[in-house]
Structure formats: C-alpha cells, structure tokens
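Look at the sequence and the 3D structure below. The text after them goes through the chains one at a time.

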Amino acid sequence: MSVNIVLLLVMGVMYAVSIYLLLERTLTRVLLGLVLITNATNLLILTMAGAPGQAPLVEDGVDPSAYTDPLPQAMTLTSIVISFAITAFMLGMIYRSWKLGRRDEVLVDTEDVKVAEQSSFDAEEDAELLEEPSEFLEENEDPNADYEHATAINPSTGALAVRHRADGTVKVKTDANRHLPGSGRRSRHEPEEGEHPVGSLGHDDHLPDEDERSGSPRSRPRGRDPKDGE
Amino acid sequence: MDLDIVSLAPLAVLLPILGAALAFVLVRRPKAQIATTVTTITLTLLLECLLLAATWDTGAVAVFIGGWEAPWGITMVVDRFSALMLVVSSAIVLAVLIYASAQGITDQDQGGPVSIFHPTFLILVAGVSNAFLAGDLFNLYVGFEILLTASYVLLTLGGTGPRVRAGVTYVVVSVISSVLFLIAIAMIYGATGTINMADLAVKLAELDPDVQMVLHVMLLVGFGIKAAVFPLSFWLPDSYPTAPAPVTAVFAGLLTKVGVYAIIRTETLLFPGDRVNSLLLWVALLTMIVGILGALAQNDIKRVLSFTLVSHIGYMIFGVAMASVLGLGATVFYVVHHITVQTGLFLVTGLIEQRAGSANIDRLGGMAKISPLIAILFFIPAMNLGGIPPFSGFLAKIGLVQAGVGADHGMAWALVAASVVTSLLTLLVMVRVWTRSFWRRVEDVEHPPAKLVLALEETEARRTGRDARPVAIETQTKTPTRADTKVLTKTQTKTQIKTPTKIAKGPARGMVYPTIGLVAFGLAFTVFAGPLYAFSDRAATDMLLRTPYIDAVLGPEAAAQAEQDLGGLEERGIRVPDQGNSGPGELDSIRGDSEGHDVGDSTEGGQP
C-alpha cells in the first residue's frame, strides 16, 4: 500500500492542532478543535483507501486494481455529514451559552463544587451518640439533646428548638408562635424559606438573566423557569 | 416463515425514523404527536418480540440489505443477544415515553420546546436499534452517531444554563469517542480491507499480533468512553443529572449499555482470546469501587444514581473479561436487569422531584408519609440494584461471582471480593437515600422545599379527616403566599402566587403507571429468571463460539475457518457450565439442562 506523505503530514498537523485546541476552555476553540479532528480523521480514511486510481465506474477490460477503492469515500462522505451536523449543533450551543452567561467558556459544575466543599462530618449520620443508660431522663439531662434535630418543639412544654448546623455550631431558636397548637412547625420553616429562596438553587443563572433583559427584550430564554434549579 | 419475520429486521430502525418524520409534521398537534410516537414504539416492540421469538431457537440470522451479499453490502444481524437487547430497550423506551408524555402534560407551565421531544426520542430509538442490529463496524458507527446526535438534543432540551454547561462536556466527550472509533475503523479497514464484522472475525486473526493489539485497544477506548468504564467515566455523572428525568432515565438505561454491547461484540467476535482480559479485570474492579465511592459522596438522588450506574458497568465488564459462558451469560442477564432497574429508579426520582420539588436528599424528608406508593416504587428497584436475594440483581451478581470463583485465579478472586463489597456499598447508598428522603421526619430537614411542606400538610389534613380540611386549605393558600413573596425575585411570574394550590398537586397517573410497569418488568426478571438465565447462557455460548454468527453472515465455510483458527470452546479452555455443581440448586439445574440441549443446537447450526 502506497501512502501519500503530504496527506499524512497534513493529517498529523491537524491532529496536533486539534488536540491543542480541544484542551482549551474557550468553547469556540473547542469547536475548531472538533472540526479539525473530524477532518483529520476523514483524511485518515482517505489515506487508508490506498493509491488513487481510476474512478470506480466499471468498464469492460479494465483491471480491477486500477480503480480507486470507493468504500472509504462513502465512509468519508458519511462522516463529513455527521461532523457537519455536530458542528452546527455545537455552534448552536455556544451561541446559547453566550446568550445565557455572556461567557464563551466551559463552566464549572456547581453541584460538583458543592460536593467537594461539603464537610466530611455530617451531624445526622456521623455524630457519636453518648450512651444513655436511663430511660427516664429529664429533657435537660439528655446527653444527646443536641442531636435531636430540632424536633423537640412541644407546644405544651415550649421546649427550645435546637438545631445542629453542618459546620458544627448549634443554633438555638425560640419560637414565638409555639403556643399556638399546630402552627409551630409551619412558622419554624418560614425564616428558612427566606434564607434559602425557592429559586436560588440555580445560583449564577440570575445574574445573566438580568443582563439579557437589559440587552434585548426578546432574548429571555423561553424554556426557563425560576423553578428549574430545583 | 421464520425467515420472513427476520427479514423485517431493518424495520426496527426504519419504523422509528418514519415515526419521527410523522411526529415532526404533527409538531403543532401535541396529542396526535404523542399518539404517533407511542404507536410507533409499540409496533417496533411487537416486531422485536417476533424477532426474539424467531431467534429464540434458531440463533443468529443475517439480513442483507438490498440483496448485496455479506462482505460487500450492508448486513444486519439478529442473534439471541441483540434480539434480547432490542426487546428490552424498546420496552423501556415505551414506558419512558408514556411517562414523558404525561409529564409534559402536567408540567405545561414550565414551557420548553416539548414539540421536538418526541421526534428526537424516536430518532434515538432508531439509533439504538441500528447499533444493536449492525453487522458491520461502520454501520455500528452510524448507529452510534444517530443515537448520540439525538441524545445531544435531548440532553440540552430547553437550553437552560446548567443543561448547556453539561451538554458541552457531553458533546465534546462523545465526539472524541466517536472520532476514536472512526480512526479505529479506518485503521482496521486499512489493515484488512473489510469492515464486515463476521468477515473481520476471520481476517483479523491473520494480522500481526501487535497490530491486532493496537486495533483492539483503540476500539475498546472508543467504546469504553461510551460505556463509562472507570478512567473514562468522568463525563457521565457530570452531564446526566441535569437533563429532565425521563431523558436521564433512558440515557442511563440504554446509552451506556450500547457501549457495553459494543465491548461485548469486540471481545467475543472481533478479538477473542485473553489478550486484554487482565486489563479489563482491572478496569472492572476500579469502575466498581470508584463509582460506588463517588455515589456515597453525593446528595442529589440523580447524581447518586449516575454514580451507581458507572459502578455497575464494572460488573458487566467483569463478566466480559471472564470470557467464560458463565461469566458472559451472567453479563447478558445483568445488562438486561440493569437497564430496567436503573431506568425505573430514574423515573421514580422524577416522581419524587415532582412531588417534593427537589431531588436533594438533604432537603427531602417524610416522603413515605406523603406518598407510600412512591416509597414502594423506589424501594423495590433500590433493593434490586443492591442485590438483595430474591431479586434479579442478586441472581445476576451470583452468576458473576460463580464465574469468578470458577475461573479461580488471583485477579478473579479480587473481582469477586470487589463485587461483593460494591454490592454492599450500593445497598448502603440506596438505604441512605431511602432513610433520608422517605423515612426521616420533615421537621428534621434544614431547608425543605415549599412544595414538600405543602404536600405534607395536605396529606395530614386528609388523614385527620374532613374537619381539618377547611383549615388545611386556608393554610395552603396562606403559607406559600407569604413564603413566596419573601423570596420572589423579579423574574418570577405572578401566576405562581395566584395559584399556590397547584404546587401541591401530585404527579399525573400517566407518570405513575409506566413507573409501576417498569418496576413490575424488573420483578418479572426475578420471576422468570430461570428461562431468562438459560437464554442468556445460550446467547453467551453463541457469542463465544462465534460460528453461529459467522455462519449466518458468511456461510458455513467461513465459520469452519473461524473455528479452525480458534478451536472449540473446550479447546480454548472455556468452561461450558454443564457440570452444575456450584451455586443454588434450582437455578443451576435449569441452566445445566439448557446448556446440554444448547451445545447440541449450536453444533447443528454449524454443520449445514
């Protein structure tokens, strides 16, 4: 099998450049990398067809080895079409990413960061409970009272709600409405709802949103809903 | 008669594509679109059941498209394994489709371009079917590309920030894996002059061993990225969880399994022999352990499930690397079981998300009280995944352990130990999710979503009787209004404040029924484990023998040559499990019987 050295060199350079580009964080460069790597592969397929020859239209009296191998050409055409579709889709995504965040970069996964930052200690799972031999402890004698996750609001006794935070601090909260039967639980949730707004899970999405609306009125994404983050 | 049905095999690809075209036309009529899609998938499923029935006894059959004979034309091959995969995948897809349609109806307020969901979904199905049926490497590549391109669209559906972010990673990684696969195809073509898999099975063996090694590893890396085996699995937990629940469900169930399917074909048909088996064993071990440790660290149920998905791919690679009938049979069973269970779990997670407004186990609680049905629906597949005895997960794992013990070398024992540990850790992970989101009281939760609190109050009001109802309704309208106005940002619409009662609405029946169906389907594998296991073992024997496949495509001469190159199973030291002296008695006797009858079958197939 004879090989065209120019094609090989071009292919090699294209692979090298594309790998360099794919390692970038900028999406446009990644796209260029993808275009180059698929085209380098197309060249590879063509190279694998062997020496060029006559067009593969069967004529009488021509030695079969004189024809070019048509199969790699068919494969190249297919893969060109596929890479075309993917390039178009990537362009669409890059445009979308630009509209959403005004950033042409691969962003960090916020959920990943959250998991990486969480402390290895989890009050609910990892706390060592002290042994309590007696079954009849008073509320304030219970060595594990801190760990009873704020469930101790008893409307009749008006016990304190003790909450264990992830960072190890203990939050003690008196509840103003605790004497109203049945309302204790709900009112206790209220401040937390405030601390942690319903739509806030989407984090940085809010800022770009403001951007967009100031930019052009039509750019507000259709499928977005503040609840999406949940 | 049998041949007639099998010659319809290309319809398994064509029907979904035609259905997709029709669904595109009906973009403006959502109901007609759903009806078209469901009908198409149902027809495909029926066809595939017929295919399975046709291949149940006869084994591999080839279809030559356009009448072009094997090494030249495009070939589609239906053998026991691919027929089984087709049926299971379509059944899953049908369930997910009904679920998604119902969710689309209930979540209408959330907008999003629902109109492109159904056609894209059908294209995905066509791609998956094409990959399972492909008889040549390039057609397999095309199948992959069809399903991947559809999956890009589905993953970034709606184009929200997180989805676009995840989509970029997913697209780039997938394209690179496809390019690797394409490079491998080009090189294989350069080395052998053919891309027909049956033809390759004969011709690859004639190549220099080093060249074979390069081609083999390139294919494995390409497929490994798609199957998400350990060092190549980084992209999966990053990209899957952001998609809508039904999309994640079908991705988790099918896409990685298509990769596993390709790996199985590579290992059995193209490159038999134990050249890379010890490498695969290491990969399997690391995939299992690293995956499940990742799952332990997660708080979002979808992410937990994505990591267990990676982890359990390790089991399948383990079975493949054993290169024995027992191991491969168990893998076939495992793949089928895992597709169903994993999809089911993701669908249930979708239900949880819809009912509670979050899928983060730190923010969930009291779900068992709110919806005992969801609790049960989650519990059964979770235990199934963890490998608790009566379930199919246990049977699949015991098959793999049996294979490992049977192989009896150091690495196999390490894998047996790792699979047991992974199983236990999976159980731990699942129990952690279960106790947190279903069992603990909602009072213990730090930031319960408003939806969850509402749902709980509604449930309590219902339980305490009618007297409480007016109060409950009052609180319902009051509480969220107060809570919402506090957190309302300017971007939120006013309609949400006006209709707070709507938030507490439960999932549509259309979402619950398919989930029940899937869980029941998973349980059916437990009930019919005997016949199914026997069938898996037969499929595995077929694949390890290679002759039925090559015979179907190229005729008996090529098959005889392939057998000559390799020798029979016994000569290659592959144990055919007809002794049946280990493991649970009942299962084994079934398997023993089928094996005896089956070996006769396949030799018969080789002779005519």
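What follows describes a predicted model, beginning with chain A and then moving to chain B.

Chain A has 230 residues, of which 35% count as buried. Its secondary structure consists of seven helices and two strands. Read from the N terminus, the elements come in the order α-α-α-α-α-β-β-α-α.

An unreviewed UniProt entry places the annotation "transmembrane region" at residues 6-23, 30-51 and 71-95 of chain A. Two of these spans can be compared with the model. Residues 30-51 of chain A are 86% helix and 0% strand, and the end C-alpha atoms of this span lie 33 Å apart.

Chain B can be described in the same terms. Chain B has 608 residues, and 65% of them count as buried. Its elements are 26 helices and two strands. The accessible surface of chain B comes to about 20,400 Å², with 66% belonging to carbon and sulfur atoms. When contacts between residues at least 6 apart in sequence are taken, 80% of those in chain B join residues at least 24 apart.

The record also marks a part of chain B. In an unreviewed UniProt entry, the feature "domain: NADH:quinone oxidoreductase/Mrp antiporter transmembrane" is placed at residues 134-425 of chain B. In the model this span is 80% helix and 0% strand, and its end C-alpha atoms lie 37 Å apart.

Now take single residues of chain B. B:Ser90 is found in helix H4, residues 80-106 of chain B. Is B:Ser90 buried or exposed? Its relative accessible area is 2%, so B:Ser90 is buried. Leaving out residues up to four places away in sequence, B:Ser90 touches B:Ile41, B:Thr44, B:Leu45 and B:Glu48.

B:Asn130 belongs to helix H5, residues 117-133 of chain B. Its relative accessibility is 5%, and because the cut-off for buried is under 20%, B:Asn130 counts as buried. Apart from neighbours within four places in sequence, B:Asn130 is in contact with B:Val13, B:Met76, B:Asn139, B:Val142, B:Gly143 and B:Ile146.

The next topic is the nonpolar core. The largest one has 226 residues, and those with the most contacts inside it are B:Leu137, B:Phe251 and B:Phe378. Helix H14, residues 325-356 of chain B, gives the most to this core, with 18 residues. B:Leu137 touches B:Phe181, B:Ile185, B:Ile188, B:Ile195, B:Met197, B:Leu200 and B:Leu270, not counting residues up to four places away in sequence.

B:Phe251 also marks a feature of helix H11 of chain B: this helix bends by about 35 degrees there. H11(B) has 26 residues, and 26 of the 26 are buried. From first C-alpha to last, H11(B) reaches 36 Å, close to the 38 Å expected at 1.5 Å a residue.

How far apart should the ends of helix H12 of chain B be? This helix takes in 21 residues, 277-297, so at 1.5 Å a residue it should span 30 Å. Its end C-alpha atoms are 31 Å apart, which agrees. The buried residues of H12(B) include B:Asn277, B:Leu280, B:Met288 and B:Ala295.

The last stop is helix H24 of chain B, residues 547-554. Six of its eight residues are buried, so H24(B) is largely enclosed by the rest of the structure. The buried ones are B:Thr547, B:Pro548, B:Tyr549, B:Ile550, B:Asp551 and B:Val553. Just after H24(B), B:Gly555 takes a positive phi of about 95 degrees.

Key:
Residues numbered from 1 in each chain as written. Chains lettered and ligands numbered in written order. Predicted model: local features only at pLDDT ≥ 70, side-chain atom pairs only at ≥ 80, totals over all residues. Heavy atoms only, no water. Helix = DSSP H or I, 4+ residues; strand = E, 2+ residues; numbered from the N terminus. Expected span 1.5 Å × (residues − 1). Buried < 20%, exposed > 50% of the residue type's maximum accessible area, 1.4 Å probe, protein only. Bend = angle between axes of the 7 residues up to and from the residue. Core = buried A, V, L, I, M, F, W, Y, C linked by side-chain atoms within 4.5 Å. Contact = heavy atoms within 4.5 Å. Areas by Shrake-Rupley, 256 points an atom, 1.4 Å probe, with all protein chains shown as cover. UniProt positions renumbered as here; feature names shortened; annotations may be inferred.
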